[in-house]
Amino acid sequence: MENKTQTVILAIFVAVSILSFGCGAAFAAVGCELNDPDRDIQKIFPQSTGYKTSYFTIQEAGGEKLKKEVEEKLKDVFDPLYESLDVPYSYYTILKGKDVIGYVHGVNQKGIYGAIQIILATDPEGKIIAFYYQKISSPEASKFRYKSFTDKFIGLTLADFYHSDNPAGKVADIKDPSEKNHGDFKATIRGTKKNLILLDTFILKGGKSI
């Protein structure tokens, strides 16, 4: 009888431990890192001789005050799951010798069917030189990955996204490639703008592209 009781107690302890770990993993802040930095960076910047990686969180850089500043620039509030204060943001500074020749950075953006991972490569002033989805689960994902669509983002800066409501602006010229998933298109525009705002906040600090 005593052995049976001990077995039941042990089973309950193990179950509680597993559930506690699972919840922790489920609610842990998750950033967006490159799947294979060496390969991905070499593909975008074949002339590079190396790179360094930096990590930032809004929590450490300014907390709630900084969050509100970013939300005002974004003209939207942060999603509590995808954009909590402790989400780590990864920045790859691309080098050629000692010179900085660009940056690569990604964000998670809530889409219709889950997280969308938007990767941008920029020149040292923040102008987009490459755009791609590291992850997108839309049933029309292939249309969003069309080069004819992703190339529309090349050459744009944060200043262009600050004027995205201008019907004659460069961002307004980007058309939804999907037929039934406009929500993922809107998420792409929002995620790209957020990506550039955070680059300016953490790295450029109000640089030339503004």
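Which helix holds Ala-187? I found Ala-187 in helix H8, residues 182–204.

**Ground rules**

I am working on a predicted model, where local features need pLDDT of at least 70, side-chain atom pairs count only at pLDDT 80 or more, and totals for chains, interfaces and linings use all residues. Residues are numbered from 1 along each chain as its sequence is written, and side-chain values use heavy atoms, with hydrogens and water left out.

**Overview**

I looked up the elements first. The protein has eight helices and five strands. I take both as DSSP runs numbered from the N terminus: helices are H or I with at least four residues, strands are E with at least two. From the N terminus the order is α-α-β-α-α-β-β-β-β-α-α-α-α. Of the 210 residues, 43% are buried. Buried means under 20% relative accessible area, exposed means over 50%, and partly exposed lies in between (1.4 Å probe, protein chains only). I also checked contacts, meaning heavy atoms within 4.5 Å. Among contacts with a separation of 6 or more, 64% join residues 24 or more positions apart.

**Ala-187**

Back to Ala-187. I read a relative accessibility of 6%, so Ala-187 counts as buried. I left aside neighbours within four places in sequence and found contacts with Gln-109, Lys-110, Gly-111, Ile-116 and Ile-118. Lys-110 is 77 residues away along the chain, yet the two C-alpha atoms are separated by 6.8 Å.

**Helix H8**

I then took H8 as a whole. H8 has 23 residues and reaches 31 Å from first C-alpha to last, close to the 33 Å expected at 1.5 Å a residue. That expected span is 1.5 Å times one less than the number of residues. I count H8 as largely enclosed by the rest of the structure, because 19 of its 23 residues are buried. Lys-205 follows H8 and has a positive phi, near 55°.

**H4 against H8**

How do H4 and H8 pack, in angle and axis distance? Helix H4 (residues 63–74) meets H8 at an angle of about 135°, with the axes 10 Å apart. That angle makes H4 oblique to H8. My axes are lines fitted to C-alpha atoms, for helices over the stretch in contact, and angles run from 0 to 180 degrees between N-to-C directions. Under 35 degrees is roughly parallel, over 145 roughly antiparallel, 65 to 115 roughly perpendicular, and the rest oblique.

H4 supplies Leu-66, Val-70, Lys-73 and Leu-74 to the contact. H8 supplies Arg-190, Lys-193, Lys-194, Ile-197, Leu-198, Thr-201 and Phe-202. By class I get six nonpolar, one polar and four charged residues. Ala, Val, Leu, Ile, Met, Phe, Trp, Tyr, Cys and Pro count as nonpolar, Asp, Glu, Lys and Arg as charged, and the others, Gly among them, as polar.

Not counting residues up to four places away in sequence, Glu-71 touches Asp-76, Val-77 and Phe-78. Lys-75 sits in the loop between H4 and strand E2 (89–96). Is Lys-75 buried or exposed? Lys-75 is exposed, at 63% relative accessible area. Its phi is near 60°, positive in a residue other than glycine.

**Ser-138**

Last, I checked the loop between strand E5 (128–135) and helix H5 (141–144), which holds Ser-138. Ser-138 counts as buried at 7% relative accessibility. Beyond neighbours within four places in sequence, Ser-138 contacts Tyr-113, Phe-144, Asn-181 and Asp-184.
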